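Here are my notes on the model you sent over.

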Amino acid sequence: MGGVLAVTETRGGALRGVSREVVTAARSLAGRLGGGVDALVLGPPGIGEEAGHLAAFGADRIFVAQDEAFGAYAPDAALRAIEELEGANEYRAILLAASARGKDLAPRAAARLDRPLASDVTEISVEDDRPVVVRPQYAGKALAKLAFSGAPALISIRPNVFLPEEREGDGAVEPLDVSAEPARTRVHPVESGGQGELDVAEARIVVSGGRGMGDPENWHLLEDLKDALGDGVALGASRAVVDAGWRPHEEQVGQTGKVVTPELYFAIGISGAIQHLAGMRTAKVIVAVNRDPEAPIFDVADYGIVGDLFEVLPKLTEEIRAAKAV
Amino acid sequence: MKDANVKSIVCIKRVPDTETRVRIGSDGASIDPSGVKYVLNPYDEFALEEAIRLKEAAGEGSVTALSLGPPAATETLRTALAMGADDAVLLEGEPSHDGLATARALAAEIEGRDFDLLLFGKQAVDDDNMQVPAMVAEILGLPCATVVVELDVEGGHVRAVREVEGGHETVEFDLPGVVAAQKGLNEPRYASLKGIMAAKKKPLEEKEADLSGSDIELLSLSEPPEAEAGEIVGEGADAVPELVRRLREEAKVL
């Protein structure tokens with residue numbers, strides 16, 4: 001009894017990267033609360049081998065349910081699996097990712113188990129043997145510190161914050177029998193959009209453009225920079241350019257868009273309205289390029305260049321390409 | 001989105017405007033309300049608009065706006081009525097950081113009502129919890145689609161397209177069910193003067209919310225640490241080599 005359950009996710013027959021973050025965070029929490037770490041994987045047949053690799057991030061038991069139907073999101077089956085594992089193990093905490101799927105599944109699981117949920121958490125600790133979490137509110141303009149009483153505590157973690165840590169582990173896969181039916185919803189497999197599987201909320205590097213780009217035709221300059229930076233890079237946009245119809249809203253960074261925590265954030269031609277800053281100020285390194293030296297974006301940027309972005313951007317792309325080639 | 005006689009309930013919330021500068025109150029557990037402008041939660045506007053369009057397209061049906069909030073949330077409900085909701089219900093109470101407590105109170109009210117479609121905004125821009133829609137669905141045993149950018153309702157069947165990382169996912173279910181709206185679902189209308197006048201005569205019921213206890217306690221609310229003032233590396237394209245050098249050697253992010 002006790003321990004922590006890490007609910008992972010798969011897409012297209014592969015584990016999503018954020019699953020390793022969930023297992024890593026679960027391991028860390030179990031180290032302070034006591035007990036082991038179980039991981040739950042629902043996926044299509046053949047997922048078992050990759051699921052086994054979660055042992056290297058701290059999973060002691062990896063419960064794998066395989067069914068063709070689990071190639072797509074299967075919320076009802078996932079809920080049954082969580083309920084069954086919780087019934088058998090009485091966890092201290094259940095962790096999920098605050099991803100599109102986790103944000104959908106976590107509140108359902110919380111309601112099903114009649115337990116509270118802290119969503120999109122950026123810090124987890126233990127005080128007086130209780131899980132204590134910190135989560136941003138008002139898109140990061142305030143931080144709430146919350147303590148759970150009773151068990152299990154349901155927690156969804158913000159992607160890109162709890163970085164995966166490999167460790168020695170001898171966890172093993174155990175098959176779990178979960179039926180795909182009955183299901184209240186029929187969920188079709190994901191259709192990838194323009195940026196492929198990578199979302200601005202999960203990218204390692206984000207290249208964002210604002211009104212200063214002047215015209216949607218100029219976006220190729222940002223795409224060139226994105227290409228020069230290599231893998232794990234996504235394009236972002238300010239609300240102004242999304243509202244103007246220059247870019248799709250799934251790229252919008254800010255309070256009514258996405259909150260991002262990349263290693264590196266480029267704000268190009270973005271002045272830095274409060275609602276935009278709320279979405280990106282927790283990026284680890286922020287670079288701003290803007291014509292106006294008084295632009296508020298420079299108050300949060302680690303490195304700024306004041307100047308005409310149409311001169312700066314091509315040079316930046318060229319220099320980064322050269323630096324990468326070394 | 002066309003279907004005959006769909007009865008919708010739209011759950012809405014009164015929140016601070018996103019342009020508001022948030023200051024923590026002296027209690028260290030809530031925001032300082034002075035100078036804060038409150039608005040209808042932006043995502044809830046998409047939910048309301050969708051319900052109103054469903055009714056308009058069919059020429060029949062109904063739209064009820066429901067809010068859990070302080071007495072001042074009646075203004076928010078009047079906004080919904082001005083946009084085109086038929087009637088409104090205020091569950092008077094203070095929504096807390098615990099989404100489950102809010103979801104239970106809303107579900108208790110909704111359970112006794114006759115409805116087909118339950119709509120929410122995908123999240124409230126104050127607590128950013130993103131919990132209540134799916135929790136209410138689960139408590140009521142209903143199917144649910146969250147972060148929806150495209151919705152078709154036909155013959156009691158729902159086809160919803162939800163936004164996921166780098167793509168879209170289509171969810172289908174039969175009514176009754178729950179949909180949580182994302183930006184992009186539609187372009188919400190502004191209330192017309194005629195709508196505002198009409199809203200004053202529409203029914204608005206007020207009752208106490210049944211807010212249960214909670215197993216999650218708010219210890220504190222604080223402002224994030226001030227970002228350290230950045231540095232202007234230089235001006236124009238000439239500053240680029242120095243920027244790239246520092247990104248590599250100092251920040252180690254390239």
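1. To get our bearings: how many helices and strands are there in chain A? I get nine helices and 19 strands for chain A. Keep in mind that this is a predicted model.

2. Overall dimensions. Chain A has a radius of gyration of 21 Å, and this agrees with the value near 20 Å that a compact globule of 326 residues would have. Along the principal axes, the C-alpha atoms of chain A fill a box of roughly 60 × 45 × 40 Å. Buried residues account for 60% of the 326 residues in chain A. Take the contacts in chain A between residues at least 6 apart in sequence: 67% of them join residues at least 24 apart.

3. Where the two domains of chain A touch, domain 1 puts in seven residues and domain 2 eight residues. On the domain 1 side of that contact, I see three nonpolar, two polar and two charged residues.

4. Strand 4 of chain A deserves a look. Is this strand, residues 37–43, mostly covered or mostly open? It is mostly covered, with seven of its seven residues buried. Side chains in a regular strand alternate between the two faces of the sheet. Here Val37(A), Ala39(A), Val41(A) and Gly43(A) point one way, while Asp38(A), Leu40(A) and Leu42(A) point the other way, and all are buried.

5. The neighbours of that strand. Strand 4 of chain A pairs in the parallel sense with strand 1 (residues 4–7) of chain A, over four bridges, and Val4(A) stands opposite Val37(A). Strand 4 of chain A also pairs with strand 5 (residues 61–66) of chain A, again in the parallel sense, over six bridges. In that pairing, Asp38(A) has Arg61(A) as its bridge partner.

6. Now the contact between the chains. It takes in 77 residues of chain A and 71 residues of chain B. On the chain A side, helix 4 (residues 100–113) gives the largest share, nine residues. By type, the chain A side divides into 35 nonpolar, 18 polar and 24 charged residues.

7. A sheet with strands from both chains. Which strand of chain B joins strand 10 of chain A? Strand 12 (residues 216–222) of chain B does: it runs antiparallel to strand 10 (residues 142–148) of chain A, with six bridges between them. Leu146(A) and Leu218(B) are bridge partners there. The whole open sheet has four strands in the order 8(A)-9(A)-10(A)-12(B), with antiparallel pairing. Its edge strands are strand 8 (123–127) of chain A and strand 12 of chain B, each pairing on one side only. From one strand to the next the twist averages 25 degrees.

8. One of the partner pairs is Gln137(A) with Ala142(A). Helix 1 (residues 18–33) of chain A packs on this sheet and touches strand 8 and strand 9 of chain A. The direction of helix 1 makes about 10 degrees with that of strand 8 of chain A.

Methods. Residues numbered from 1 in each chain as written. Chains lettered and ligands numbered in written order. Predicted model: local features only at pLDDT ≥ 70, side-chain atom pairs only at ≥ 80, totals over all residues. Nonpolar A, V, L, I, M, F, W, Y, C, P; charged D, E, K, R; others polar. Helix = DSSP H or I, 4+ residues; strand = E, 2+ residues; numbered from the N terminus. Pairing = 2+ DSSP bridges. Axes fitted to C-alpha atoms, helices over the stretch in contact; angles between N-to-C directions. Buried ≥ 20, exposed ≤ 12 C-beta atoms within 10 Å, placed from the backbone. Rg over C-alpha atoms; globule rule 2.2 N^0.38 Å.
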